[in-house]
Amino acid sequence: MSLLRQRKQPQREERPPPSSDGNGSDHDDNGKGKKPASKEATRRTKAKWSCVDSCCWLVGCVCSAWWLLLFLYNAMPASFPQYVTEAITGPLPDPPGVKLQKEGLRAKHPVVFVPGIVTGGLELWEGHHCAEGLFRKRLWGGTFGDYSLARQLDESYYLTCNFFRPLCWVEHMSLDNETGLDKPGIRVRPVTGLVAADYFVPGYFVWAVLIANLARIGYEEKTMYMAAYDWRLSFQNTEVPFFHDLIPVRDQTLSRIKSNIELMVATNGGNRVVVIPHSMGVLYFLHFMKWVEAPPPMGGGGGPNWCEKHIKSVVNIGGPFLGVPKAVAGLFSSEAKDVAVARAIAPDVLDSDFLGLQTLRHLMRMTRTWDSTMSMIPKGGDTIWGDLDWSPEDGIECKAKKQKGNDTEVSDDITGKSVEVQPEPINYGRLVSFGKDVAEAPSSEIERIEFRDAVKGNNIAHSNTSCRDIWTEYHELGWGGIKAVADYKVYTASSVIDLLQFVAPKMMQRGGVHFSYGIADNLDDPKYQHYKYWSNPLETKLPNAPEMEIFSMYGVGIPTERAYVYKLAPQAECYIPFRIDTSAEGGDENSCLKGGVYLADGDETVPVLSAGYMCAKGWRGKTRFNPAGSKTYVREYSHSPPSTLLEGRGTQSGAHVDIMGNFALIEDIIRIAAGATGEEIGGDQVYSDIFKWSEKIKLKL
């Protein structure tokens with residue numbers, strides 16, 4: 001120890017103190033000899049938290065939480081959620097399938113499901129280098145039903161990868177803007193089987209609840225068929241009758257549906273199928289019924305009696321028979337009510353280059369290549385939807401109140417006496433108005449400047465080549481064209497077609513080959529044999545099937561987009577020049593104008609007028625649109641939201657997708673599939689004024 005104490009300590013190198021000037025700076029007079037940073041300071045500098053670190057941390061937390069929830073979901077007993085719910089809310093009613101099984105109902109008619117837009121899964125079969133490793137991975141939609149935990153985690157991983165490669169995902173989900181078909185080197189195809197649309201994403205059901213309840217009375221995969229199709233394509237392009245090097249260009253989906261229905265009828269004792277289309281699938285199957293009767297090469301060659309021989313009932317759910325105003329807003333400005341509100345709250349997210357994705361502009365670039373979206377542009381023009389001064393829904397109430405009659409509401413004045421209050425006048429026929437004052441002004445006071453022949457002016461993206469990569473056609477509109485659109489001030493269902501043709505001529509030219517939006521004067525005119533008219537119920541006849549029943553089932557009691565107030569957007573590079581004016585509000589909380597959107601009755605997506613008119617009047621009895629006299633029924637389901645979070649999306653919902661879990665609707669469908677007729681389930685069930693509104697529409701029947 002003494003030797004250790006006597007050891008000399010190593011001499012520390014003495015460093016001269018840093019030179020300082022009068023201001024205390026640590027450098028010499030020549031600006032040299034700057035003090036080197038200490039290791040501690042360097043460490044602190046490297047540890048500085050950046051915005052990218054925050055984003056990565058947030059994404060990691062979300063993914064970790066999601067994977068943990070997936071693990072817990074698979075680990076817990078299947079009965080645990082129901083046990084917790086019943087412990088709090090009391091015993092739950094039997095699901096419809098269990099209830100009807102106890103009544104003795106059994107599977108009889110084979111069932112065909114036709115999913116709508118965006119609810120069917122799409123997977124990658126061929127892609128560019130950025131999609132390496134995603135072969136047969138879902139680019140759209142997901143499922144929960146038959147996946148193992150490992151598969152679910154695998155899918156979640158690839159969804160996370162897509163989050164970090166948004167432009168690659170947009171590129172693969174987009175179609176060719178000239179042909180409306182696949183881009184070179186890309187093949188995205190629909191998922192097949194019941195898993196194609198049972199769940200949209202894990203935990204968010206679409207068809208799963210209905211499938212499970214049908215299984216309770218004996219249905220299985222051989223008696224249920226999911227008619228999955230690529231919902232991005234125009235309806236005829238899902239078939240594509242032309243070939244390339246003797247190989248079909250696309251999926252021949254219409255032929256597959258025809259063959260599967262014929263097989264199901266043949267292998268189930270000759271019992272005809274019950275077809276259940278949802279949302280845009282309603283229009284797709286309407287197209288199919290004309291295609292299957294038409295002679296080849298345009299049609300399927302089934303003959304005029306094919307539907308009568310093979311289809312018992314068509315049970316349409318949330319059908320946009322006459323289109324939806326929301327389609328106009330989506331194509332015009334890539335918006336809807338919720339997007340407009342989000343943009344108002346966080347404009348820097350949706351209107352900027354966020355994570356390398358100019359969000360709304362790339363969304364418009366992608367969706368404008370989906371020809372199917374043009375199938376839902378409002379049909380029937382001003383005759384159906386109203387004009388500057390009139391609409392079928394005149395006098396509607398946007399909040400349920402005690403009613404004295406059809407047109408007046410009862411309220412109390414300050415003395416407590418009952419007084420009559422006239423409903424707020426609303427010009428629903430003005431689908432697009434530039435300014436709230438224009439939406440409310442008498443038509444005689446609106447000065448409009450014709451836009452159809454306006455000179456569009458200079459290209460607004462001529463100085464920025466990156467703008468032209470975001471294909472929206474607004475870059476070719478020019479300042480003159482933008483001003484002309486705004487100066488016309490107000491657009492009805494008839495003029496909105498011209499509006500879309502003016503701002504997006506390439507898109508509408510492509511869509512004009514496949515869809516039409518008018519009313520036929522003479523349905524015997526040979527021109528209506530063309531497939532472009534087959535999805536418009538006002539320009540085609542129902543099949544020659546007097547024994548086939550047609551149902552229109554949809555939710556009511558939810559404010560639904562019906563018309564819009566627009567404004568010009570601030571000028572910027574690569575921008576969408578029009579947007580919903582979220583500052584436009586009604587006079588009070590009961591107003592139908594909310595955040596620049598006029599609301600009417602519907603299921604949150606499809607207004608009652610579009611979902612109900614054809615079965616309430618257009619096809620009711622023998623009309624020129626229904627010459628065989630197929631029976632039609634209107635079944636409405638009043639929306640009742642879940643009372644607690646434990647009820648999930650509820651069993652009495654009337655919302656556009658959530659209605660697929662509505663117990664009353666499921667019970668009606670099961671009874672029809674088991675053999676009941678429309679009269680046996682109660683005929684019409686109506687809560688709205690659809691019959692009253694239908695009488696106001698002056699359409700030759």
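Colleague: How many of the five residues of strand S10 are buried?

Modeller: The model is a predicted one. Strand S10 covers residues 273-277, and the rest of the structure largely encloses the strand. On one side Val273, Val275 and Pro277 are buried, and on the other Val274 and Ile276 are buried too. The number of buried residues in S10 is therefore five of the five.

Colleague: What is the bridge partner of valine 273 in S11?

Modeller: Strand S11, residues 311-317, runs parallel to S10 and is joined to it by three bridges. For valine 273 the partner in S11 is isoleucine 311.

Colleague: Which residue in S18 does valine 315 stand opposite?

Modeller: S11 also pairs with S18, in the parallel sense and over five bridges. In S18, the residue opposite valine 315 is phenylalanine 551.

Colleague: How many of the eight residues of strand S18 are buried?

Modeller: S18 spans residues 549-556 and is mostly covered. Glu549, Phe551, Met553 and Gly555 point one way and are buried. Ile550, Ser552, Tyr554 and Val556 point the other way and are buried as well. The number for S18 is eight of its eight.

Colleague: Which residue in S23 is the bridge partner of glycine 555?

Modeller: S18 pairs with strand S23, residues 632-638, in the parallel sense over seven bridges. The partner of glycine 555 in S23 is tyrosine 637.

Colleague: Is leucine 124 buried or exposed, and at what relative accessible area?

Modeller: Leucine 124 has its place in strand S2. Leaving aside residues up to four places away in sequence, leucine 124 touches Ala131, Leu134, Phe135, Arg136, Lys137, Leu139, His172, Arg187 and Val188. One of these, leucine 134, is 10 residues from leucine 124 in sequence and 6.7 Å away in space, C-alpha to C-alpha. Leucine 124 is buried, and its relative accessible area is 3%.

Colleague: What kind of aromatic pair do tryptophan 125 and phenylalanine 135 form?

Modeller: The whole structure holds 27 aromatic pairs. For tryptophan 125 and phenylalanine 135, the ring centres are 5.5 Å apart and the planes stand at 85°, so the pair is edge-to-face. Tryptophan 125 lies in strand S2 (residues 122-126) and phenylalanine 135 in the loop between S2 and strand S3 (138-140), so the pair ties together parts 10 residues apart in sequence. The kind of pair is edge-to-face.

Colleague: How does tryptophan 125 count, and at what relative accessibility?

Modeller: Residues count as buried under 20% and as exposed over 50%, with partly exposed in between. Tryptophan 125 falls in the class partly exposed, because its relative accessibility is 33%.

Colleague: Which aromatic residue has arginine 368 over its face?

Modeller: One aromatic cluster is formed by Phe332, Phe434, Tyr474, Tyr564, Tyr566 and Phe578. Arginine 368 lies 4.9 Å from the ring centre of a tyrosine, over its face. That residue is tyrosine 474.

Colleague: At what distance from the ring centre of tyrosine 488 does arginine 448 lie?

Modeller: Arginine 448 lies over the face of tyrosine 488. The distance from the ring centre is 4.1 Å.

Colleague: Which side chain does the side chain of arginine 189 join in a polar contact of 3.0 Å?

Modeller: Arginine 189 lies in strand S4, residues 187-190. Arginine 189 is buried, with a relative accessible area of 15%. At 3.0 Å, its side chain makes a polar contact with that of aspartate 182.

Colleague: Which residue just after helix H8 takes a positive phi?

Modeller: Helix H8 covers residues 208-216, and its buried residues are Ala208, Val209, Leu210, Ile211, Asn213 and Leu214. Just after H8, a phi of about 115° is found at glycine 218.

Colleague: Among contacts between residues at least 6 apart in sequence, what share joins residues at least 24 apart?

Modeller: The chain has 24 helices and 23 strands. Of its 701 residues, 51% are buried. The accessible surface is about 32900 Å², with 55% belonging to carbon and sulfur atoms. The share of those contacts that join residues at least 24 apart is 74%.

Key: Residues are numbered from 1 along each chain as its sequence is written. This is a predicted model: local features need pLDDT of at least 70, side-chain atom pairs count only at pLDDT 80 or more; totals for chains, interfaces and linings use all residues. Side-chain values use heavy atoms; hydrogens and water are left out. Buried means under 20% relative accessible area, exposed over 50%, partly exposed in between (1.4 Å probe, protein chains only). Helices (H or I, at least four residues) and strands (E, at least two) are DSSP runs, numbered from the N terminus. Two strands pair if DSSP finds at least two bridges between them. A polar contact is a pair of N or O atoms within 3.5 Å; within protein, one must be able to donate a hydrogen and the other to accept it, and residues adjacent in sequence count only if both atoms are side-chain atoms. Contact means heavy atoms within 4.5 Å. Accessible areas come from the Shrake-Rupley method with a 1.4 Å probe; for residues, only the protein chains shown count as cover. Rings of Phe, Tyr and Trp (its six-membered ring) pair if their centres lie within 6.5 Å; planes under 30 degrees apart count as stacked, over 60 as edge-to-face and the rest as tilted. A charge sits over a ring if NZ of Lys or CZ of Arg is within 6 Å of the ring centre and within 35 degrees of the ring normal.
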